[in-house]
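Here is a short report for a reader new to this model. Look at the structure first, then read on.

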Amino acid sequence: MCVPAQQLSPRIIEQGDVLLTEISALYQGYAGQILRSFAMGTPPTAEYQRLYETAVEAFSRLAAALRAGASSEELLETADYIHLQGFTIYDDLVHDFGPGAYYPSLRTRLTSARVTQPFVFRENMTVVIQPNIITADERMGIQVGELLRVTYNGVEALHTYPMRFVQCK
């Protein structure tokens, strides 16, 4: 699959698999979300490594563009990087995240089913940047990302887990 599965599978994870995770939690009004990819038993293949590097670079570029006052158009322009690398996305690229919130959300210009209504990011919004970089044939995918707080100077990470392609033995 090119995205984290929404339903549990009876399939046993095997050496050489890539496991995509999206872990979300909400507790007494505080929300969190982190997305990481895991290579099982062996290092990732060159194809998966390239997907991963593109995802991390897309995340970094989007995080650098995001600040209070940034427009959705600025982020859409930044997201063009993904398609220039020969990949696409499957899931939302950036979305609001908090108690009862899941708006606004952005995809890319090429993957949006409808024109995105323009909006401006505000200070103290919590958003998830989650590049789910996939091959055009949806054969392979990688997902990275995490919850961030929007500030006037940029974003503040709300997680400390390293952004890395975890290799499990």
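## The loop holding Asn-124

Asn-124 lies in the loop between β5 (105-106) and β6 (126-129). Strands here are DSSP runs of E with at least two residues, numbered from the N terminus. Asn-124 is not a glycine, yet its phi is positive, at about 75 degrees. Its relative accessibility is 45%, so Asn-124 counts as partly exposed. That label sits between buried (under 20% relative accessible area) and exposed (over 50%), using a 1.4 Å probe and protein chains only.

This is a predicted model, where local features need pLDDT of at least 70, side-chain atom pairs count only at pLDDT 80 or more, and totals for chains, interfaces and linings use all residues. Residues are numbered from 1 along each chain as its sequence is written, and side-chain values use heavy atoms, without hydrogens and water.

## The loop holding Glu-138

Glu-138 sits in the loop between β7 (132-134) and β8 (141-143). Its phi is positive, near 60 degrees, and the residue is not a glycine. Glu-138 is partly exposed, with a relative accessible area of 43%.

β1 pairs with β2 (residues 30-40) in the antiparallel sense, over 10 bridges. Pairing requires at least two DSSP bridges between two strands. Ala-25 has Gly-32 in β2 as its bridge partner. Two residues lie between the strands of this hairpin, and Gln-28 takes a positive phi near 45 degrees there.

## Before β1

Glu-14 is in the segment before β1 (18-27). Glu-14 is partly exposed, at 48% relative accessibility. Glu-14 and Met-40 are 26 residues apart in sequence, with their C-alpha atoms 6.9 Å apart in space.

Conventions
Helices (H or I, at least four residues) and strands (E, at least two) are DSSP runs, numbered from the N terminus.
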